[in-house]
Amino acid sequence: MNWTFVVPLLAVVFTVANAGIMTGGVSDADMNDKSTQDALQFAVVQHNKKTNDMYVSQVAKVIKVQKQVVAGIKYIFTVDMARTSCRKGGAETTCAIHEDPQVARPYQCKFEVWSRPWISDIRVVKNECE
């Protein structure tokens, strides 16, 4: 038996069981949880890489956040995004959303992020914006 695979898997199962997450079921997630925050930040970075806008967008408001256990954890975010005054390719800093709504151009996105931390794998499986 390959114990290098089994031990991390058991750790994930134990963590999930203690967190009260039902395997396969979708439940509300806590935005104060570091893993949830990291997943959303990853989704935002990936979203900004794929847009043609020369400015970075940030989360203006988290509308809904859920998680589902699926051979890892899938985070499901519904968020309002808005444009900042920071250009892409500039210094990596946190940018405030532009105060003028005409420039900020708010829009809503649904991101799904699949995380398997025991193999250092995280990916965006859905990035849909209106």
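**Exercise 1. The disulfide of C109**

In this predicted model, a disulfide joins C109 to C129, with an S to S distance of 2.0 Å. Determine which handedness this link has, which elements hold its two cysteines, and whether C109 is buried or exposed.

*Solution.* 
Step 1. The torsion about the S-S bond of C109 and C129 is about 105°, so this disulfide is right-handed.
Step 2. C109 belongs to strand 4 and C129 to strand 5 (residues 121-129); the pair links distant parts of the chain, 20 residues apart.
Step 3. C109 has a relative accessible area of 2% and is therefore buried, since buried means under 20%.
Step 4. C129, at 35%, is partly exposed.

**Exercise 2. The disulfides of the whole structure**

State how many disulfides a search of the whole structure finds, and describe the link of C86 and C95.

*Solution.* 
Step 1. The search finds 2 disulfides.
Step 2. In the pair C86 and C95, the sulfur atoms are 1.8 Å apart.
Step 3. The angle about the S-S bond of C86 and C95 is -105°, and the link is left-handed.
Step 4. C86 is partly exposed, with a relative accessible area of 22%, whereas C95 counts as buried at 10%.
Step 5. When the bonded cysteines are numbered in sequence order, the pairing reads 1-2, 3-4.

**Exercise 3. A salt bridge within a helix**

Describe where the salt bridge of D38 and K34 is placed in helix 2, and state the accessibility of D38 and of K34.

*Solution.* 
Step 1. The side chains of D38 and K34 meet with an N to O distance of 2.9 Å.
Step 2. Both residues lie in helix 2 (residues 34-50), 4 residues apart, which is about one turn of the helix.
Step 3. D38 has a relative accessible area of 37% and is partly exposed, whereas K34, at 54%, counts as exposed, because the limit for that class is over 50%.

**Exercise 4. The pairing of the strands**

Determine in which sense strand 2 and strand 3 pair, and what is found in the turn of their hairpin.

*Solution.* 
Step 1. Strand 1 (residues 26-28) is joined to strand 2 by 3 bridges, and these two strands run antiparallel. V26 has Q68 of strand 2 as its bridge partner.
Step 2. Strand 2 and strand 3 pair in the antiparallel sense over 12 bridges. Within strand 3, I76 stands opposite Q66.
Step 3. Strand 2 and strand 3 form a hairpin with 3 residues between them, and A71 in the turn has a positive phi of about 50°.

**Exercise 5. The largest nonpolar core**

Identify which residues of the largest nonpolar core touch the most other members, and which element gives the most to this core.

*Solution.* 
Step 1. In soluble globular proteins, nonpolar side chains tend to be buried together.
Step 2. The largest nonpolar core has 15 residues, of which F77, V79, M81 and F111 touch the most other members.
Step 3. Helix 2, strand 3 and strand 4 are the elements that give two or more residues to this core.
Step 4. Strand 3 gives the most, with 5 residues.
Step 5. Neighbours within four places in sequence aside, the residues in contact with M81 include V44, H47, V59, R105, C109 and F111.

Note on methods:
Residues are numbered from 1 along each chain as its sequence is written. This is a predicted model: local features need pLDDT of at least 70, side-chain atom pairs count only at pLDDT 80 or more; totals for chains, interfaces and linings use all residues. Side-chain values use heavy atoms; hydrogens and water are left out. A salt bridge is a side-chain nitrogen of Lys or Arg within 4 Å of a carboxyl oxygen of Asp or Glu. Buried means under 20% relative accessible area, exposed over 50%, partly exposed in between (1.4 Å probe, protein chains only). A nonpolar core is a set of buried Ala, Val, Leu, Ile, Met, Phe, Trp, Tyr and Cys residues joined through side-chain atoms within 4.5 Å. Contact means heavy atoms within 4.5 Å. Two strands pair if DSSP finds at least two bridges between them. A disulfide is a pair of cysteine sulfur atoms within 2.5 Å.
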